[in-house]
Amino acid sequence: MPLASALLGKTLRSSTFRLALLCVGLFSASIAGLFAYVYWSTADYLAGRYDAGIVAEERLLLDAFERGGAPALQALIAARRAAAPADGDLYLVADQAYAPVAGNLRSWPSAARGHDGWIEFRAPDWRPEAKAPPLLRAVTASLPDGTRLLVGKDIDETRQFTGVIRRGIAIGVALLCAMAAVAGISVTRRTVSRIEAINATSRAIMASGLGERIPLRDTRDEWDQLAANLNSMLDRIEALVRGVKQVSDNIAHDLRTPLMRMRGRLEVALGSPRGEGDAALLARTVAELDDILKTFASLLRISAVEARERKVGFAPVDLGKLAGEVADLFDAAAEERGGHVRFQGEPGALVWGDRDLLFEALTNLVDNAVKHGRGDVEVRLTPAAGGAELILAVEDHGPGIPAGEQKRVFERFYRLERSRSTGGNGLGLSLVQAVAQLHEARIALADIRPGLRVEFCFPALAAVAQHAAEVAAPQSARGKPDPAAA
Amino acid sequence: MRRVLVIEDDAETAGQMADSLGSAGYAVDVARNGTEALERGRGADYAVMTVDRMLPELDGLEVVRRLRSGGVATPTLIISALGEVDDRVRGLRAGGDDYLVKPFAFAELLARIDALARRSGALVKETVLRVGELEVDLLARRARRAAVEIELLPREFQLLEYFMRNEGRVLSRAMLLANVWDVHFDPMTNIVDVYVGRLRRKIDAGGATALIQTVRGVGFCLNAAR
C-alpha cells in the first residue's frame, strides 16, 4: 500500500518519532544499568558466600590434620561426607604424585598441579548423571607431610542460576526496547496522521476552495481543539470571502443596471436629431450619474471607516447633545409626514468617539425610522449597567424588520423587498455597523410590535477612562526610570 | 474681473472647471502641478484658489502650507477625492478655507467659490441685516418683514441669518448643512429642503414676492424682491 508506506516514511522522519526514540534509548540504558548492577551484586554475593564456606571447611580439615595427622584428616572427611552425602562438597587428599588417597573426587585436577590456590574446573566423573561436566570450584593446599588437600564445592547450579538471571535481564531489556519502540511509533503515527489530516485539508483548500474542513475525531483532545479552531478560522475566512464576493456581485449588479440604462439612452439620443428633449435627457443622466458616484462614495466611506485605526482622532463626545441635534434636524422631516422625532435623555452623557461619524450613523438610523416608520420616532438615551454603558435607541412605529432578515440588513446593498421602490442604496446600515464597530458599540435590532427598535450600546466614557487608567498604570510604572539605577 | 487659480493635474477636469468659472465671470489660471502652483500663487493676486489634494511632485496640502507661510492669504478651496473626516480637518488646518469632495457639481463649486471670493472682501460687522423688506436684528434675535414680526425657531433664525449674509449668492445644500447644522456629510435626505420650505412659508407670509428662490440642482438663493 503506497499510502501506508508513505505514512510510515513520514512517521520515521517526524520529529516526534526522533524524540520518542531518544526517550526510549535513555530509558532502556538506565534500566539496563540498573539490572546490571543487580546482577553483578547478586553474582558477587553468591560467589563470596561459596568461597567463605570453602575456606571454613579447609580451615577445619587443616586443624584436624594438625591435631591428628593424616588419619584424623581422613576420618573427618569420611564423617563430613557421611553427615551430608548428597551435598556438593568436594574433598580430595592426594599423595605427592597427585594420586588420590581419600575423598570423593576421582582424580586430582590437572589445572591444580604445581601450585596451591583457587581453581575452577570441570570434572567429567563428578555427578556423571549431569548432561555436561559440572563446574567445580576449589582451593588446594600442600600439607606438611607432602600430601595435598583439595576442598571445594559444586558451583554449577549457582552458575546456571546467574546465567538465568543474565538471560532474563537481556530478554527483559530487549522486550522493553521493542515495546517502547512500538509505543513510540504508534504515538508518532497518531501525531503524524493528525498533522497529515490538517496538511491534506490545507492542500485541498489550496487546490479547490474554502469548503474543506479538517475532520474531528470526537476525542476532545488538543488535536481536536486545534482542528476545531482551524475550522472556525476557516469558517470566518469563508464568510468574509463570501461577503466580499457578495459585495462585488452587488456592486456589479447595482451599478451596471443604471449604467446600461444611461448607455442606451445616450445611444438613442446620438442617433436622433438634436432637439428639445436633449436638456431633460442630459439632466436625467447627470442625476443618475450622481447617484452612482454617491454609491461609490458611500462604499469607500464604509471601507475607510472599517479600515480606520481604532481611536485615532477620537475625543469625548456628548452623546446626549448629539442625539438631541439629530432629533432636532429630523423633526422637520418627520413633521412633513405627520409625526415628530422626539429625544428623551439628558445632555452630558459622554462617550469616546468621532463626533462626525456618530452623527452620521445616528442620522442614518433616524432617517430610516422617519422614512419607514409611521408617525413618531423616539430617540432614547439611557444609562445601563450601573453607568458603565450608554444605550442609544431609535424607535419607530413602522412595519419593523422580519427576524430572519435582521442580520442581513447590515450587509452592503442588502435591502428589504418593500424598500426597493423607495430611495436609498442599501448602504446606510452597513455604515452604521462600521461606525458601531469602530466605537466598540454593540448594535441590536428588536421588534417592538409595531415598530423597530435599533439599539447602540456604548461603553460610557467614565468606564472607558477608568479602563484606560488601569491599562496605562502598569505601563507608566514600567516606563519610569529606576531612580536607584540613575 | 476677479481671478481664480485652479490647481488641478487632470487636464480635462481643469478645463471644465475653467469653462464653468469663466462663464460665471471669473478669469481663470490653471496650474498643473505643485511647482507651477507655487509660482503662480506667489506671483499674482487671486481672489480664490482651488487646490486638488493629489498633485504630482507636491501634495496639495503642502502647496497651501507653503503659500500660507510665504504670506499668501488667498482664500482656498481644497478639493479631494477622499471623503474622510480626518482629511477635511487636516485640509482646513493647513490653511484651506473650505473643503469640497470629488465628485462635485460645477454649480456647487461655483457657489463655494462665490462665497470664498466674497469673504476676501471686507467682512462687515453688522448687527442688523437688511434684504429688501426683510430685516434681521442679530442682537435681539428678531426678524421682521415690512414691519411684521416673524416668529422663528432658533435653527430657522440661524438659517435665515446665513441666507441674509450671503444675499444674492447661490447656497448649496451641503453649504447650508455645514454652516447652519455643522453637518459635514451628505445625509441623503431632503432635510434642508424641509427647513428652507418652512422658513420660506414664514418669511413670505407677509409679503407679495418670494424672497428665497430654489436653484435647480444646486440649492437656494435669497434675493431682494425685484
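Me: Two residues are in contact if their C-beta atoms, placed from the backbone, lie within 7 Å. In chain B, what percentage of the contacts with a separation of 6 or more do residues 24 or more positions apart account for?

Reply: This is a predicted model, in which local features need pLDDT of at least 70 and side-chain atom pairs count only at pLDDT 80 or more, while totals for chains, interfaces and linings use all residues. Residues are numbered from 1 along each chain as its sequence is written, and chains are lettered from A and ligands numbered from 1 in the order in which they are written. In chain A, of the contacts between residues at least 6 apart in sequence, 62% join residues at least 24 apart. In chain B, with a separation of 6 or more, the part that falls to residues 24 or more positions apart is 60%.

Me: What does the secondary structure of chain B come to?

Reply: Helices (H or I, at least four residues) and strands (E, at least two) are DSSP runs, numbered from the N terminus. Counted in this way, chain A has 9 helices and 12 strands. The secondary structure of chain B comes to 8 helices and 12 strands.

Me: What percentage of the residues in chain B is buried?

Reply: A residue is buried if 20 or more other C-beta atoms lie within 10 Å of its own, exposed if 12 or fewer, and partly exposed in between, with C-beta atoms placed from the backbone. Under this rule, 23% of the 486 residues in chain A are buried. Of the 226 residues in chain B, the buried part is 40%.

Me: In chain B, where is confidence lowest?

Reply: The predictor's confidence in each residue is its pLDDT, on a scale from 0 to 100. Chain B has a mean pLDDT of 83, with 88% of its residues at 70 or more. Confidence in this chain is highest in strand β1 (residues 3-7), at 92, and lowest, at a mean of 60, in α4(B).

Me: Which element gives the most to the side of chain B that touches chain A?

Reply: Between the two chains, 18 residues of chain B are in contact with 20 residues of chain A, and the elements of chain B that give two or more residues to its side are α4 (85-93) and α8 (191-204). That side of chain B divides into 9 nonpolar, 4 polar and 5 charged residues, where Ala, Val, Leu, Ile, Met, Phe, Trp, Tyr, Cys and Pro count as nonpolar, Asp, Glu, Lys and Arg as charged, and the others, Gly among them, as polar. For the complex, the predictor gives an ipTM of 0.71 and a pTM of 0.60. With 4 residues, the element that gives the most to the side of chain B touching chain A is α8(B).

Me: How many residues of α7(A) are buried?

Reply: The expected span of a helix is 1.5 Å times one less than its number of residues, so helix α7 (residues 355-372) of chain A, with 18 residues, should span 26 Å, and its end C-alpha atoms, 26 Å apart, agree. This helix is largely enclosed by the rest of the structure, because the number of its 18 residues that are buried is 16.

Me: Is A:Val435 buried or exposed?

Reply: A:Val435 is found in helix α8 (residues 428-438) of chain A. Leaving aside neighbours within four places in sequence, A:Val435 is in contact with A:Val305, A:Leu357, A:Leu358, A:Glu360 and A:Ala361. Because 26 other C-beta atoms lie within 10 Å, A:Val435 is buried.
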